[in-house]
Amino acid sequence: MALNYASKINKIRTFALALVFIGILVMYIGIFFRSSPVIMSITMILGFLFVISSSVVYFWIGMLSTKTVQVVCPSCEKSTKILGRVDACMHCDEPLTLDPELEGLEFDESYNKKQ
Ligand SMILES: [Zn+2]
């Protein structure tokens, strides 16, 4: 089943990685403003902040990982982590659920919100 949905942990990880690149990019842009120390220090601080927030996000993933349930994916038979009521496999994006009531239902991320 091909779903346009990625595992939550994978999504957060991609976001954290993007933050690192944005931070490096912003600092790199700062190099072009060597003549203006003000702009250069602003871009350097901003880029540094992006890199710092990325490590915060990585820390947050670590905290979230302790709350996940490790299961073996029925589709690709690799172990994956489920966060919330429904989540996707980290390897093949197969939708997975821990709730028997949702079994066989069409995948919807709104199941994660409390009703
Ligand atoms: Zn899988």
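These exercises work through a predicted model, from its helices to its nonpolar core and loops. Residues are numbered from 1 along each chain as its sequence is written. In this predicted model, local features need pLDDT of at least 70, side-chain atom pairs count only at pLDDT 80 or more, and totals for chains, interfaces and linings use all residues.

**Exercise 1. Find how the axes of α1 and α2 are arranged.**

Step 1. Locate the helices. Helix α1 covers residues 8–31 and helix α2 covers residues 37–65. Helices here are DSSP runs (H or I, at least four residues), and strands are E runs of at least two, numbered from the N terminus.

Step 2. Take distance and angle. The two axes come within 7 Å and cross at roughly 165 degrees. Axes are lines fitted to C-alpha atoms, for helices over the stretch in contact, with angles from 0 to 180 degrees between N-to-C directions.

Step 3. Classify. α1 and α2 are therefore roughly antiparallel to each other (angles over 145 degrees count as such; under 35 is roughly parallel, 65 to 115 roughly perpendicular, the rest oblique).

**Exercise 2. Compare the UniProt "transmembrane region" positions with the fold.**

Step 1. Read the record. The unreviewed UniProt entry places this feature at residues 12–33 and 39–61. Such annotations may be inferred rather than shown by experiment.

Step 2. Check residues 12–33. This stretch is 91% helix and 0% strand, with end C-alpha atoms 32 Å apart.

Step 3. Check residues 39–61. Here the chain is 100% helix and 0% strand, and the end C-alpha atoms are 33 Å apart.

**Exercise 3. Is A88 buried or exposed?**

Step 1. Count neighbours. A88 has 25 other C-beta atoms within 10 Å, so A88 is buried (20 or more is buried, 12 or fewer exposed, in between partly exposed; C-beta atoms are placed from the backbone).

Step 2. Find its group. The largest nonpolar core has five residues: I82, A88, C89, M90 and L96. Such a core joins buried Ala, Val, Leu, Ile, Met, Phe, Trp, Tyr and Cys residues through C-beta atoms within 7 Å.

**Exercise 4. Contrast E77 with D93.**

Step 1. Check phi. For E77, phi is near 60 degrees, a positive value in a residue other than glycine. Phi of D93 is also near 60 degrees. Most residues other than glycine have a negative phi.

Step 2. E77 sits in the loop between β1 (69–72) and β2 (79–82). D93 sits in the loop between β3 and β4.

Step 3. Count neighbours. E77 is exposed, with 9 other C-beta atoms within 10 Å. D93 has 20 C-beta neighbours inside 10 Å and counts as buried.
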